[in-house]
4 protein chains.
Amino acid sequence: MAKVAFIGLGNMGGPMATNLLKAGHDVTAFDLSAAALAQIKAEGAKVADSAREAVAGTDYVISMLPAAKHVIGLYLGEQGIASAISKQALVIDCSTIDAESARTVGIGLAEQGIAFIDAPVSGGVGGAKAGTLTFIVGGASQDFQNAHTVLSNMGKNLFHAGAIGAGQVAKICNNMLLSILMAGTSEALQMGINNGLDPKVLSDIMLKSSGRNWTLELYNPCPGVMDNVPSSKDYQGGFMVDLMAKDLGLALEAANHSGSDTPLGELAHSLYVKHQQAGNGKLDFSSIFKMFAKAD
Amino acid sequence: MAKVAFIGLGNMGGPMATNLLKAGHDVTAFDLSAAALAQIKAEGAKVADSAREAVAGTDYVISMLPAAKHVIGLYLGEQGIASAISKQALVIDCSTIDAESARTVGIGLAEQGIAFIDAPVSGGVGGAKAGTLTFIVGGASQDFQNAHTVLSNMGKNLFHAGAIGAGQVAKICNNMLLSILMAGTSEALQMGINNGLDPKVLSDIMLKSSGRNWTLELYNPCPGVMDNVPSSKDYQGGFMVDLMAKDLGLALEAANHSGSDTPLGELAHSLYVKHQQAGNGKLDFSSIFKMFAKAD
Amino acid sequence: MAKVAFIGLGNMGGPMATNLLKAGHDVTAFDLSAAALAQIKAEGAKVADSAREAVAGTDYVISMLPAAKHVIGLYLGEQGIASAISKQALVIDCSTIDAESARTVGIGLAEQGIAFIDAPVSGGVGGAKAGTLTFIVGGASQDFQNAHTVLSNMGKNLFHAGAIGAGQVAKICNNMLLSILMAGTSEALQMGINNGLDPKVLSDIMLKSSGRNWTLELYNPCPGVMDNVPSSKDYQGGFMVDLMAKDLGLALEAANHSGSDTPLGELAHSLYVKHQQAGNGKLDFSSIFKMFAKAD
Amino acid sequence: MAKVAFIGLGNMGGPMATNLLKAGHDVTAFDLSAAALAQIKAEGAKVADSAREAVAGTDYVISMLPAAKHVIGLYLGEQGIASAISKQALVIDCSTIDAESARTVGIGLAEQGIAFIDAPVSGGVGGAKAGTLTFIVGGASQDFQNAHTVLSNMGKNLFHAGAIGAGQVAKICNNMLLSILMAGTSEALQMGINNGLDPKVLSDIMLKSSGRNWTLELYNPCPGVMDNVPSSKDYQGGFMVDLMAKDLGLALEAANHSGSDTPLGELAHSLYVKHQQAGNGKLDFSSIFKMFAKAD
């Protein structure tokens, strides 16, 4: 079992650290929230007074933070912890940030002789608790292999997307495409309804035809078509509109910086921002279906 | 075995009629092309001098024509054949036309006591030849059941979408969604490439994630990722850009007439029209990928 | 002064006929509404029991009807009035319909030796009452000149756009562009507001720069920037969202039938349909500004 | 006459500095290009060996640089010149950068007691040479007034948009709207042409109607409609597609950072990136018209 420092015990980080403890790892945790620290301590973790103290002497440093500025600050800031990390350690950042910032952190740590991978996740809070997350990793092959020791206790699917930053790129490409599938499926279903079709019948037909996609398979956005999905529970739970809007913001900046033409992604961004501004930010992202519904 | 009249022996209708003959049906064919008639005659069909003559005394009348005006003209025009069709016959129109026109024909035939279903197909010329088409049917349940006698010899999947016109609606919903999947997948893959990712690796990751869709499964638009798909054969074969542009035109008129909001469908329409106007009309529709490629 | 038949006394047609009477023309009116007929009779018009009766012996036949099917039915239907119109008369249709239908009517009347122009208007009910409408005319030059006798009493600007149907095309091109100006100006102003700018200051700057357009000059969509425009009167009055949505539906069908690529027009159509479905159909079309406002 | 330091003598900065010399100001210039320095010296400027040396003892410091990183580096970098600038001086940055970076520089200089305004320009190289630029200024009112001493010798229109950063925001709002006007006008004109209208006649009609906008007034994108505009000179000269694509990238990042919904701006961004990638980057931005033209 490995010695692991875990920085950031939020909705995602907390259950991820718990799964590492369950697997028998020696976890030292740090978070700015005393309550989060108390809880993880109760589950068997050591707790540290600072990130700097947490990482000392560990084999793996895992971070799960809200935004790029926090990640850059943690590792490379004036109070940054790079100098406290063992040269043998592997740093794994699981935050969803832009690829450029991930590369900046990777370069900064490399200058200090420390290995780094970016490993953003998908699967949400449910996947974090169940230990069934998907990790999409950017970094050297040996570091990807090395990371299995800890990632396999928190997730089910581990993908190696390419060099440092590629994990973030692949995640954002996937999520941009997902938003297009969800909005496109929603408008197709509603057009069918407006023309007198039963959305369940239409869903079944498209599922067996060339319109098949993940949202029709597992996450139908039209209320009543599938049981146990957010659309049949007033769009509660799942992946929030606020988070999809944030990811689409990252996607369009990635597109802009790489000179990529992403018309459908930009339109999906506009639709999700509009949906968010209409007060739906805390609903599941499949609630975009409501935007296409006709007023009675 | 049934007595069948088959009107319209084009690229699709010809092989469909051939499959009815192979199954042992008694087929009487009509087409304006003497060459098409000669060929189907050589395969064992009777040929008629007019559509009117072809339908006399048959159990099924099947039509496969280019556009709504031809279908309306055939059945309801001044020279229309409705009065020549047996009251016991079932009329099956396999053309892809707008739902309103299909309903117009259905109402017109019903006034004469003749049953009608709309049964547009997907699967292309390859599916027509192989007898593996998908039929999406609008009409009464008993007529849908009755149609199995002939449709099952031409296709593999038979779907009942709803009342008359619903077959056209479901097909156009599916194809509109397909165009969104294809264009969205293309721009996501190209954004990955522009950020240094291998399109095969990115495709594999999205295929196992929430970006999964029919195009990634069976029809990857990026050259070299999959064998034996149009993208790896210079976008030859498959489903032409011209046909997708036509279907998207039908989709946006259906949206307009039903007051439906289809922003992604309208954007996909614009992209396919632009692609067509740039001279790519005869390429496979996955060639939309080229629109997003960066100049070197 | 001329003998004029006027068919269709709705919100627009009523005041237009009144202005012809004020100018001294000899007007015979017809409408399905007895109340409308009673009113125009009180203003000095003759009234007829049918459209057929109204047109007999007149120099000009003017129609102002809701949709293409009414116009086609009036002139070319089974009960159509073509045979009752004098061969010396000029038929002027002021309805906003699709260009193809206008051409159909023109051809049908030409077969009977009757001259026709399409002359859709802009300027709204206010312009109809004030006699300041804009007429955009399609038809032969001599017919355009001939029409001045009556059009100049109902409007201020008379444009000759081209052959029959061109009036409808030009109007729909203008209104599609107008919707783009209005939505684009709205999102630019709101982005400025979201970044701390005063919308009046930003409007003044853009008005003197390359962002200048009709909406900034005369019809600013942001409440409080201009007096006496709909945005400063809770978006009451003006040109309704329902009408703009209808015109954009006509525009996208015209685009589809002519193989035109109109991405911004299609997006504006989607925005206006969405806005309409959210319950804003009776507001002025500048209320699209509200769609971009941020929730507090 | 004032003592002015001018940093950045590119296509824009060079002629701007020349106009200050012509007006009699005492200009000390710096640029990394020896050739640019030699030329401005020949026109009467002092030249400095470093930016630091250039600014010593001046009343105004003006910078005109390619991107935000250069501006931030110049004033706030490790080798930054802030400490060399007089506390009485006004710093005027004329570069087009994002508003956040402008605010960062403003705050950094304020900490050193130095006044700052952002003053991006429009009008292009032609305006820079002719001294007819438009300056859109963000900063305190007294600083805006103070800046007239030098700005009025380089430009004709001086706008005060608001606090520091507001100049950049207003410029980007205007240019985003301009791109929408240009693309929207282009697609409307082409739809008219596709329906048989003469683009000059349609332009005249829309110019007198509610479609009126700056592009129809001064910069018609359809070849042959206006003399002496880029569209009638093979789209040479004017404002390059590359620059419009860059400005639209800044606009969408500004939209993203402020949570603004800018669907038409995002679509225009996609159109311009596509147009750029098709090899049109060096053409005038009105060449977007070509994207809508139908293949013969």
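User: How much area is buried between chain D and chain B?
Analyst: About 680 Å² is buried between chain D and chain B. Carbon and sulfur atoms give 54% of that area. Buried area is the accessible area, taken with a 1.4 Å probe, that two parts lose on being put together, summed over both.

User: What should I know about the model and the numbering?
Analyst: This is a predicted model, where local features need pLDDT of at least 70, side-chain atom pairs count only at pLDDT 80 or more, and totals for chains, interfaces and linings use all residues. Residues are numbered from 1 along each chain as its sequence is written, chains are lettered from A and ligands numbered from 1 in the order in which they are written, and side-chain values use heavy atoms, with hydrogens and water left out.

User: Back to D and B. How many salt bridges are there across the interface?
Analyst: The rule finds zero salt bridges between chain D and chain B. A salt bridge here is a side-chain nitrogen of Lys or Arg within 4 Å of a carboxyl oxygen of Asp or Glu.

User: Which elements of chain D touch chain B?
Analyst: α12 (263-280) and α13 (289-292) of chain D each give two or more residues. α12(D) gives the most, with four residues. Helices are DSSP runs of H or I with at least four residues, strands are E runs of at least two, and both are numbered from the N terminus.

User: How do the residues on that side of chain D divide?
Analyst: Into six nonpolar, one polar and two charged. Ala, Val, Leu, Ile, Met, Phe, Trp, Tyr, Cys and Pro count as nonpolar, Asp, Glu, Lys and Arg as charged, and the others, Gly among them, as polar.

User: New topic. How much do chain A and chain B bury between them?
Analyst: About 4,800 Å², with 67% of it on carbon and sulfur atoms. Met191(A), Ser210(A) and Leu264(A) supply 14% of the area that chain A buries against chain B, more than any other three residues.

User: How many residues are in contact there?
Analyst: 57 residues of chain A are in contact with 57 residues of chain B. Contact means heavy atoms within 4.5 Å.

User: And how many salt bridges between A and B?
Analyst: Two. In one of them, Arg212(A) pairs with Glu217(B), and the closest N and O atoms are 2.7 Å apart.

User: Which elements supply the A side?
Analyst: Among them are β9 (155-162), α8 (166-194) and α9 (199-207) of chain A. α8(A) gives the most, with 20 residues. By class, this side has 33 nonpolar, 17 polar and seven charged residues.

User: Which residue of chain A comes closest to the rotation axis?
Analyst: A rotation of 180° with 0.0 Å of shift superposes chain A on chain B, with an RMSD of 0.1 Å. Asn213(A) comes closest to that axis, its C-alpha at 1.9 Å.

Technical notes: Copies are superposed by least squares on the C-alpha atoms of residues with pLDDT of at least 70 in both.
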